Amino acid sequence: MKQLFPLFFIEIKQLAVLDYLSKWSQKKRQAESQGKKGRAAFIPSTQLHQVMSFLEKIPADILAHISYKSHAYSPALMHIEAYIKDNPLQVKEHLCFLQCIYVSLDEPNGVAGVAAVRQDEPTLDQQVIQYL
């Protein structure tokens, strides 16, 4: 148990850094685009471009799992939904995780919706989650 405790804080710190970078890039992009008039394409500054490319390289499913482990369930849902939207063929692999997020958010309609989408017979664990 002692070994898991520091790992949990590392994940929280990583999530905090990523969250900060995301908010910073949104504000910076807003500030840079306000000075532009007309329909010209937005060209970010070098600094903003580097941060945006770094953030784009992080897979949304990894962000979802880190968020979930850090008890940040709403961001976990946002990231896994973004991942599923970009990778619709991989929905089946993430249904159980999606259902766990809905349980953590106390969203019975989401849990029921995932159960309805599932095509194969749910495992005993998945059935328990469905009726929590």
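**Entry 1: α3 and α4**

I looked up how helix α3 passes helix α4, and the crossing is left-handed. Left-handed means the near helix is turned anticlockwise from the far one by less than a right angle; clockwise would be right-handed. I noted that helices here are DSSP runs of H or I with at least four residues, numbered from the N terminus.

This is a predicted model, where local features need pLDDT of at least 70 and side-chain atom pairs count only at pLDDT 80 or more, while totals for chains, interfaces and linings use all residues. Residues are numbered from 1 along each chain as its sequence is written, and side-chain values use heavy atoms, with hydrogens and water left out.

Two packed helices are described by the angle between their axes and the distance between the axes. I found that α3 (residues 60-69) and α4 (residues 73-86) pack at about 160 degrees, with axes 8 Å apart. The axes are lines fitted to C-alpha atoms over the stretch in contact, and angles run from 0 to 180 degrees between N-to-C directions. The pair is therefore roughly antiparallel, a label for angles over 145 degrees.

Next I listed the contact (heavy atoms within 4.5 Å). From α3 come Ala60, Asp61, Leu63, Ala64, Ser67 and Tyr68, and from α4 come Tyr73, Pro75, Ala76, His79, Ile80 and Tyr83.

I checked His71, in the loop between α3 and α4. His71 has a positive phi of about 65 degrees, yet is not a glycine. His71 is exposed, at 52% relative accessible area. Exposed means over 50%, buried under 20%, and partly exposed in between, with a 1.4 Å probe and protein chains only.

**Entry 2: α2**

Which residues of α2 are buried? In this helix (residues 46-56) I found Leu48, Val51 and Leu55. They fall within an arc of 70 degrees, so they line one face of α2. The arc is that of the directions from the helix axis to the C-beta atoms. An α-helix has 3.6 residues a turn, so residues three or four places apart point the same way. On the other side of α2, Thr46, Gln50 and Glu56 are exposed.

I then turned to Asp106, in the loop between α5 (91-104) and α6. Asp106 is not a glycine, but its phi is positive, about 55 degrees. Asp106 counts as exposed, at 64% relative accessibility.

In α6 (residues 108-117), Gly110, Val111, Val114 and Ala115 are buried. They cover an arc of only 140 degrees, which puts them on the same side of α6. Pro108, Asn109, Ala116 and Val117 are exposed on the other side.

Definitions and conventions. Helices (H or I, at least four residues) and strands (E, at least two) are DSSP runs, numbered from the N terminus. Angles under 35 degrees count as roughly parallel, over 145 as roughly antiparallel, 65 to 115 as roughly perpendicular and the rest as oblique.
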